[in-house]
Amino acid sequence: MRINFVAWIIFILLTAIAARLGYWQILNGDNLARAASLQRSLSRPIPAQRGQILARDGKILVANESGYLLFASTVDLKVKPAEAAGKLAPILSAATAEDQGELSLPKDTILPKIEIKDLEKTLTVKLSQADNYYIPLAHRLKQKYADQIYALGIYGLGFDQEPRRLYPEGSLLATTLGFVGSSATGDPLGYFGLEGFYNGELSGRNGVQHLERDAAGHPILLGDSNTLAPQDGRSITTTIDRFVQLIVEKHLREGVEKYGARKGTAVVMDPKTGGILAAVTWPAFDPRGYQYFSKDFYTDDAVSDTYEPGSTFKVLTMAAGIDSGTVTPDTICAACGAPFEVQGHSIRTWNNQYYPTGETMTKVLEHSNNVGTAWLATKMGKDKFYSYAKAFGVGDKTGIDIEGEESGIFYDPKKIAPIDLATMAFGQGFSTTAVKILQIVGTVANGGKLPQLHIVSKLTDTGVDIPLKIPDPKQVIKPLTASLLTQMMIGAVEHGEAHRLVPPGYRVAGKTGTAQVPVAGHYDAHKTVASFVGFAPAEDPKFVMIVKYVEPTTTPFGATTAVPTFMDITKELFGYFGVAPSTP
């Protein structure tokens, strides 16, 4: 009996063991195999090289340079965490200080002080993590600092390639280029400007190396391994002309300081192609140390700052009036002898000057006459006015390839009252961007065809160029309308305050704008947006340009702020493009 009992016990135990083994080997075998694989495998990322950004002549605007990620394997660390931290902290502190010293920072910028003791504490905590084979300690170290750390001979520290973004021109074109930060997972990610818009093309795809490791966590050199090679990002070639960019940035910086403006923006475009030759927002940030700047510095105001355009919009209103046959350049505004009454509101000229005998549409544009422009829009009617505004894309984005473009606000014609139509005609009561005004005036310079604004002309993938398809320009006004309006805009320059600043022998077509800043439902009497938009030489335009100052304090008008800056830039561009005088 005792033997049978023992036999049954043994049988039951063997059956239980067999069942348990069957569960682990058959039912849960795949899970165990995966867990074992994870325990003996080591995966390390292989970063892809981010694509370069080039000027139109092929010169580098943004590239990469060697950099290293410092990591620690605590399972291999042969010294105490505090000892390793004490040796690393001075080197990492010096690396950060050198990077900060290379930055172009605004006056009175106070950088966070690098306390070596605080850095030591942070490193000690990281190095105290038990049984961790890969703990990042510092990113994008220069070669010399990686060499200094290697010379410490601390077993358990290692390096991975981690390229640094290189900006040969410093902060030049910063708001247009954007910058490269880190994603939530720590991978490089483009923000704002071209880096943000083309991040998918520039970033490429990281590779990965899989290695077997032993029980101590060390790689087995003769074990199974496989590597997925990284796919480097594509490079992009822009339409930016570095010389034009330098000229524009120099004069805009001087203008912001001279006129006490809160901000300045200037953009130069080739009207025939829509390619942007230069784009400046000032003040700007330094992409090498973007983290030390307020986020207000990151955006490109040419595409993201919406404002009431003021009198620069009169170019569109006049184009619509002439193209629709509502008026000709010689049509007399009979209402220009007094303020224009609309729905109980009086629309006045900017200087309270009126013309009892009336004045032509040409003179209305030359005098920047709000009354004449409001009269024209009323005569044209809201449906016709709106159809032309939409044909020019007002209320829509231009489609320029910079991250962060805004469309502005332009109201549906069903919601436009007669007083709204009258004020919108001279650029009040709605919002747009500097690049949209540039595109509108560029249409006049381009024979009535709306140019597609763009900054990138081609991508390059492993040595193969891929030209970008730029949509053909759309004819929105007749060539004759564009020609007539060009002559009217020349008159606006030559018979206005700007005539003294035009380079002798040249003709410039343009229009000033001085718009009040809306604040809490009313206009601030002391704040303006002063601008000037135009093209030159008027007979065969080589460029279209807009200059805009936000809240200039020395003088509020576009004629005395934006116009001088525009003309200073224009003089240098005539020389650069080899444009000879056309008149004695």
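Biologist: Which residues form one aromatic cluster?
Modeller: This is a predicted model: local features need pLDDT of at least 70, side-chain atom pairs count only at pLDDT 80 or more, and totals for chains, interfaces and linings use all residues. Residues are numbered from 1 along each chain as its sequence is written, and side-chain values use heavy atoms, leaving out hydrogens and water. Rings of Phe, Tyr and Trp (its six-membered ring) pair if their centres lie within 6.5 Å. The cluster is formed by F179, Y191, F192, F285, Y290, F293, F297 and Y298.

Biologist: What kind of pair do the rings of F179 and Y191 make?
Modeller: The structure holds 24 aromatic pairs. In this one, the ring centres of F179 and Y191 are 5.7 Å apart and the planes stand at 25 degrees. Planes under 30 degrees apart count as stacked, over 60 as edge-to-face and the rest as tilted. So the pair of F179 and Y191 is stacked.

Biologist: Is F179 buried or exposed?
Modeller: F179 is in strand β8 (residues 179–182), and Y191 is in strand β9 (residues 188–191). Under 20% relative accessible area is buried, over 50% exposed, and in between partly exposed (1.4 Å probe, protein chains only). Y191, at 29%, is partly exposed. At 4%, F179 counts as buried.

Biologist: How many residues apart in sequence are the parts that the F543 and F577 pair ties together?
Modeller: The rings of F543 and F577 are stacked, with centres 6.2 Å apart and planes at 25 degrees. F543 lies in strand β25 and F577 in helix α18, so the pair ties together parts whose separation in sequence is 34 residues.

Biologist: Which residues does F557 touch, beyond four places away in sequence?
Modeller: F557 sits in the loop between β25 (543–550) and α18 (562–577); helices (H or I, at least four residues) and strands (E, at least two) are DSSP runs numbered from the N terminus. F557 is partly exposed, at 38% relative accessible area. Its C-alpha is 7.9 Å from that of S531, 26 residues away along the chain. Contact means heavy atoms within 4.5 Å, and F557 touches T514 and A530.

Biologist: What is the C-alpha distance between Q516 and K527?
Modeller: Q516 is in strand β23 (residues 509–519) and is partly exposed, at 32% relative accessible area. Q516 touches E308, Q428, Y523, D524, A525, K527 and T528, leaving aside residues up to four places away. Q516 and K527 are eleven residues apart in sequence, and their C-alpha distance is 6.0 Å.

Biologist: How is helix α3 oriented relative to α5?
Modeller: The axes of α3 (residues 81–101) and α5 (residues 143–151) come within 10 Å and cross at roughly 175 degrees. Axes are lines fitted to C-alpha atoms, for helices over the stretch in contact, and angles run from 0 to 180 degrees between N-to-C directions. Under 35 degrees is roughly parallel, over 145 roughly antiparallel, 65 to 115 roughly perpendicular and the rest oblique. So α3 is, relative to α5, roughly antiparallel.

Biologist: At roughly what angle do the axes of α11 and α13 cross?
Modeller: K314, T317, M318, A320 and G321 in α11 meet N370, T373, L376 and M380 in α13. The axes of α11 (residues 314–323) and α13 (residues 370–380) come within 10 Å, and they cross at roughly 40 degrees.
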